Amino acid sequence: LTTLREDSGKNYTEMNFTLFSSLIEFGSLDIGEAVRFTAPKAGWKLQKVRVLAWSGYNETTQSFPDERNIMLEIRDKDLNILYKFADAQNNYFLSETGPLFGEIELPAVSVTGDFYVVFYDRGAAPIGMEKSNGTGSSFLISGSEIQPADFTTVETNETIAINWLIEAVGN
């Protein structure tokens, strides 16, 4: 299997990343964090998606949060939906110690050229966001509207491109 990444390529333990939620940031369940990948060959079969996220843990009560839905979409270069999936976040992102890669298995989705993996955290499992070394392959998507995932820092008023920590796995 081949793993595709569109981040800095650093080891995840050495990355400068934080957790991000479109529900917390924008107050919307309908904004997804998208990464554009390029299939290594025509008809490449996407079999799994790995997302660095966390559903949280309450240290005081020693408990995990209630289940809420996350959603995943695979879209072609024109943003047409090829596959859509929803499930409870706790099936993938349960950890007492912090973020982890949740692996979501898919029926083989055939992709050619550019394609998008879109994760909707819906406030249930904030996603890993690398805060430097933006590759230009991370986006925010709502319906058919897509825009680069750039953020302006409060401290310096500088616009920085970020990377969502999503991997596409297939052959």
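**Figure 1. Asn-157 in the loop between β12 and β13**. In this predicted model, Asn-157 is exposed, with a relative accessible area of 63%; exposed means over 50%, buried under 20%, and partly exposed in between (1.4 Å probe, protein chains only). Helices (H or I, at least four residues) and strands (E, at least two) are DSSP runs, numbered from the N terminus. The phi angle of Asn-157 is near 60°, a positive value in a residue other than glycine. Most residues other than glycine have a negative phi.

Residues are numbered from 1 along each chain as its sequence is written, and side-chain values use heavy atoms, with hydrogens and water left out. Because the model is predicted, local features need pLDDT of at least 70 and side-chain atom pairs count only at pLDDT 80 or more, while totals for chains, interfaces and linings use all residues.

**Figure 2. Asp-121 and Arg-122 in the loop between β8 and β9**. This loop joins β8 (114-120) to β9 (127-130). Asp-121 is buried yet has no salt bridge, a salt bridge being a side-chain nitrogen of Lys or Arg within 4 Å of a carboxyl oxygen of Asp or Glu. The nearest side chain of opposite charge is that of Arg-68, 7.7 Å away; Lys and Arg count as positive and Asp and Glu as negative, whereas His and the chain ends are not counted. The side chain of Asp-121 instead reaches two backbone nitrogens: that of Ser-22 at 2.9 Å and that of Gly-123 at 2.7 Å. Each is a polar contact, defined as a pair of N or O atoms within 3.5 Å; within protein, one must be able to donate a hydrogen and the other to accept it, and residues adjacent in sequence count only if both atoms are side-chain atoms. Not counting residues up to four places away in sequence, Asp-121 touches, among others, Phe-20, Leu-23, Glu-33, Asn-69 and Pro-126, where contact means heavy atoms within 4.5 Å.

**Figure 3. Asp-76 in strand β5**. The strand spans residues 69-76. Asp-76 is also buried without a salt bridge, and Lys-77, the nearest side chain of opposite charge, is 6.7 Å away. From the Asp-76 side chain to the backbone nitrogen of Asp-78 the distance is 2.9 Å. Beyond four places in sequence, the contacts of Asp-76 are Leu-82, Asp-114, Phe-115 and Tyr-116.

**Figure 4. Arg-50 in strand β4**. Strand β4 covers residues 44-53. Arg-50 is partly exposed, at a relative accessible area of 24%. Its side chain makes a polar contact with the side chain of Glu-167 at 2.6 Å. Leaving out residues up to four places away in sequence, Arg-50 touches Phe-101, Gly-102, Glu-103, Leu-165, Ile-166, Glu-167 and Val-169. Leu-4 is 46 residues from Arg-50 in sequence and 10 Å from Arg-50 in space, C-alpha to C-alpha.

**Figure 5. The chain that holds these sites.** The chain has one helix and 15 strands. Its radius of gyration is 15 Å, close to the 16 Å that the globule rule gives for 171 residues, so the chain is as compact as a globular protein of that length. The radius is taken over C-alpha atoms, and the rule is 2.2 Å times the number of residues to the power 0.38. Buried residues make up 47% of the 171.
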